[in-house]
Amino acid sequence: MVAVSDGQRSGRPSTAVGTPVGHPLLSLSLTAMMDAVGAHSGAVYLRLGDQPVLDMAVTAGLPRSFVAPWERVGLSAQVPVAEAARERRLVWVGGEEDMARRFPRIAVVLPYPFALAALPVATESRVYGAVFVTWPGSHPPELSDGEREQLESGCERLARRLERAAAEHRPVRAETDPPATGPIGAGADTLGTVEAARMVARLPYGLCSLDLYGRVTFANASAAELLGVPVSDLLGTQLWASVPWLNDPAYEERYRAALLSQVATSFVALRPPSDWLSFRLYPSVNGLSVRVSRARGVSRTHPAGRGPGDAPTRLVSMSQALSMAGALTETVSVQDVVRLVADEIAPAVGSRALALLGARAGRLYVLGHHGYADPGVVEQFDGMPLTASTPGTHAVAHGVPAFFDSRQQLERLYPDRRHATPDGFEAWAYLPLIASGRPVGVCVLAYAEPRAFSTHERAVLTSLAGLIAQAMDRALLYDAKHQLAHGLQAALLPPSLPLMPGIEATARYLPATRGMEIGGDFYDLVPSQPLPAAVIGDVQGHNVTAAGLMGQIRTAVRAYTTVGQEPAEVMRSTNRLLIDLGTELFASCLYLRLDPARGRAVMARAGHPPPLLRRPDGQVRVLDLAGGPLLGIDGEATYATTEVDLSPGCVLALYTDGLIESPGVDIEDAVVELGQRLCEAGDRPLEELADALVGHYTAAEERIDDVALLLLRARGDD
């Protein structure tokens with residue numbers, strides 16, 4: 001019941017006990033279903049006990065390497081077999097474009113024309129696994145009633161047999177993939193084996209036979225001569241492995257395309273130093289026949305692997321597609337997605353300009369664009385109702401991509417475009433961005449010249465749009481959370497500090513770069529009578545709970561200050577409030593009652609880092625004075641107060657631990673270093689001083705904690 005490699009059994013033991021099923025149940029069931037409906041490949045997946053995982057137990061008709069990324073899939077995965085097992089229904093994918101639209105991750109890896117049906121292997125009480133079978137791209141776009149009946153009955157029979165085996169405690173193990181079979185030597189009855197070999201040897205062009213795994217099973221003398229490799233060295237090897245100048249992923253891709261789509265394909269390749277050879281691949285269900293000949297009229301300037309009149313190469317190579325998919329998973333914000341699409345995806349598909357438009361509340365809005373000489377061409381779509389008659393709104397509303405080979409074609413279908421501001425382009429692809437079944441927007445790719453979009457190109461672009469949509473959906477959610485966090489933080493902190501006689505003040509706040517970028521650090525300046533107060537604190541955590549508690553503490557401190565409580569009593573009252581709230585969080589706090597007229601301040605401290613005092617002569621003192629425990633720990637705690645100097649020219653620096661805590665740095669050393677910076681920059685204007693003290697943290701890409709700083713300078717001119 002586990003995945004195995006090409007033609008090999010898995011080395012992992014089954015967890016079941018008892019005598020195993022004595023015949024290849026899975027292989028026989030699979031090949032019977034394939035034969036009944038004329039499918040050319042397929043696989044059986046088994047569910048591992050009660051785990052939400054499907055494991056490929058056997059495959060037929062294709063090398064297992066073709067489906068290696070899906071040898072083991074979760075039931076929640078967006079792939080046809082998982083959907084079939086999860087929803088207990090047949091899943092039909094009618095072709096290349098259908099696969100690209102619904103399962104873009106598969107289409108990016110296998111962008112070939114083929115049809116697929118996936119069905120659950122299940123009884124009324126249990127899902128045992130799933131089956132998929134595939135047909136060449138020539139299969140009609142709909143599954144026939146006869147094919148559906150054959151597949152469903154085959155899966156029902158297999159489910160009953162698995163149920164019986166489970167009841168009898170007979171494990172169904174992973175099986176060896178069945179060998180490819182088919183009509184071999186069909187002409188032997190007419191020509192005879194010897195005469196057939198003589199005929200092939202006399203042909204002026206090369207002939208090779210490859211099995212399903214690309215290994216050479218036959219090659220004539222002409223093929224060996226053209227390839228420059230003896231027949232004995234070709235047999236049993238893959239062409240791209242035994243012929244050095246064919247060792248290019250593009251050539252192996254042609255073999256994969258021919259085998260999966262069952263459509264003949266061709267390419268040309270340069271045999272060094274100057275001989276161009278033409279390769280024509282003819283697929284069947286048990287391998288490929290390859291004709292090799294000298295290419296006619298191929299210029300030396302043609303790139304390797306291409307020739308005039310040759311079938312077009314893939315728009316995006318597999319390695320490019322996987323690289324793009326990986327890069328999209330690393331994007332965080334909407335602008336990250338826009339930059340990646342502009343810098344990597346658009347150039348790879350030949351587009352000269354792009355626009356990404358979001359869809360929300362029945363309207364389009366511009367997320368970003370690149371390559372347009374006049375930004376107004378794109379900005380005109382911002383706020384456009386989805387009911388408007390434009391290709392972009394139709395792509396979003398109907399979820400169907402639209403491709404326009406020329407300006408004439410676009411204007412014929414959308415006459416209003418004739419009067420629109422020209423954008424300077426001649427062909428367009430409008431790709432709906434669908435994530436989890438929901439339209440999130442549309443990607444518009446513009447091309448400088450008229451362009452005939454092939455079926456393959458349309459499928460690749462649709463697949464890439466699916467990947468872009470998933471990245472954009474995540475990015476939109478991230479941006480929304482980011483805006484919510486910043487909005488909440490801004491609402492909980494004072495929008496500005498009040499002006500007070502004898503005191504100049506400024507503050508800085510930097511959120512942590514992990515989590516929601518919201519935290520519990522706070523500061524405030526309370527213009528109470530007769531004396532104002534300053535407070536700074538830090539609630540444990542970097543989340544909405546910490547931020548909400550921080551808002552409550554800040555409000556409580558203001559209230560206790562306003563009613564005239566002394567500093568020690570303000571701290572005691574706030575501590576009792578925190579305990580009464582029943583929260584498991586605690587907080588540090590530093591509270592000062594300011595008396596600039598006397599040049600003094602009274603300080604109360606609850607487990608908070610000590611403030612720094614810079615005197616007018618430049619000397620800096622760490623005010624590590626008596627205090628009390630953190631707020632929220634002991635309901636009976638008391639908080640001692642200390643009077644400190646605040647004569648004209650003195651600067652008090654109140655800060656949270658985010659300003660002095662760094663991995664591998666001693667706290668005391670960090671406080672000394674902060675004091676040194678305060679000493680050196682203390683004569684600057686207060687705004688410049690604040691920037692100097694937090695400058696290193698402002699530029700940091702990652703902050704593990706919030707940073708809050710409140711600077712107070714006593715003035716003697718008030």
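Strands β10 (residues 275–284) and β11 (residues 287–294) run antiparallel and are joined by 8 bridges. Across this pair, R280 stands opposite R291 in β11. The structure is a predicted model, in which local features need pLDDT of at least 70 and side-chain atom pairs count only at pLDDT 80 or more, while totals for chains, interfaces and linings use all residues. Residues are numbered from 1 along each chain as its sequence is written, and side-chain values use heavy atoms, with hydrogens and water left out. Strands (E, at least two residues) and helices (H or I, at least four) are DSSP runs numbered from the N terminus; two strands are paired if DSSP finds at least two bridges between them.

Both β10 and β11 belong to an open sheet of 5 strands, ordered β8-β7-β11-β10-β9, with antiparallel pairing. The edge strands, β8 and β9 (265–271), each pair on one side only. From one strand to the next, the twist averages 25°. Angles run from 0 to 180 degrees between N-to-C directions, and axes are lines fitted to C-alpha atoms, for helices over the stretch in contact. Helix α11 (residues 249–261) packs on this sheet and touches β9, β10 and β11, its direction making about 165° with that of β9. Contact here means heavy atoms within 4.5 Å.

S209 has F218 in β8 as its bridge partner. The hairpin of β7 and β8 has 5 residues between the strands, and G214 takes a positive phi near 80° in this hairpin.

A further open sheet of 5 strands has antiparallel pairing and the order β18-β19-β20-β21-β24. Its edge strands are β18 (520–526) and β24 (641–645), each of which pairs on one side only. The twist averages 15° from one strand to the next. Within this sheet, 7 bridges link β19 (residues 533–539) and β20 (residues 587–595) in the antiparallel sense, and V539 has A587 in β20 as its bridge partner. Helix α19 packs on the sheet, touching β20, β21 (600–606) and β24, and its direction makes about 155° with that of β20. Helix α18 (residues 544–562) lies across β18, β19 and β20 and runs at about 20° to β18.

Residue I579 lies in helix α19 (residues 567–580). With a relative accessibility of 32%, I579 counts as partly exposed, the class between buried (under 20% relative accessible area) and exposed (over 50%), for a 1.4 Å probe and protein chains only. Leaving aside residues up to four places away in sequence, I579 touches G632, I633, D634 and G635. The C-alpha atoms of I579 and G635 are 6.7 Å apart in space, although the two residues are 56 residues apart in sequence.

Helix α20 (residues 667–681) has 15 residues and reaches 21 Å from its first C-alpha to its last, close to the 21 Å expected at 1.5 Å a residue; the expected span is 1.5 Å times one less than the number of residues. Buried in α20 are A670, V671, L674, G675, R677, L678 and A681. These residues lie on the same side of α20 because they cover an arc of only 160° around the axis, taken from the directions from the helix axis to the C-beta atoms. On the other side of α20, E668, D669, V672 and E680 are exposed.
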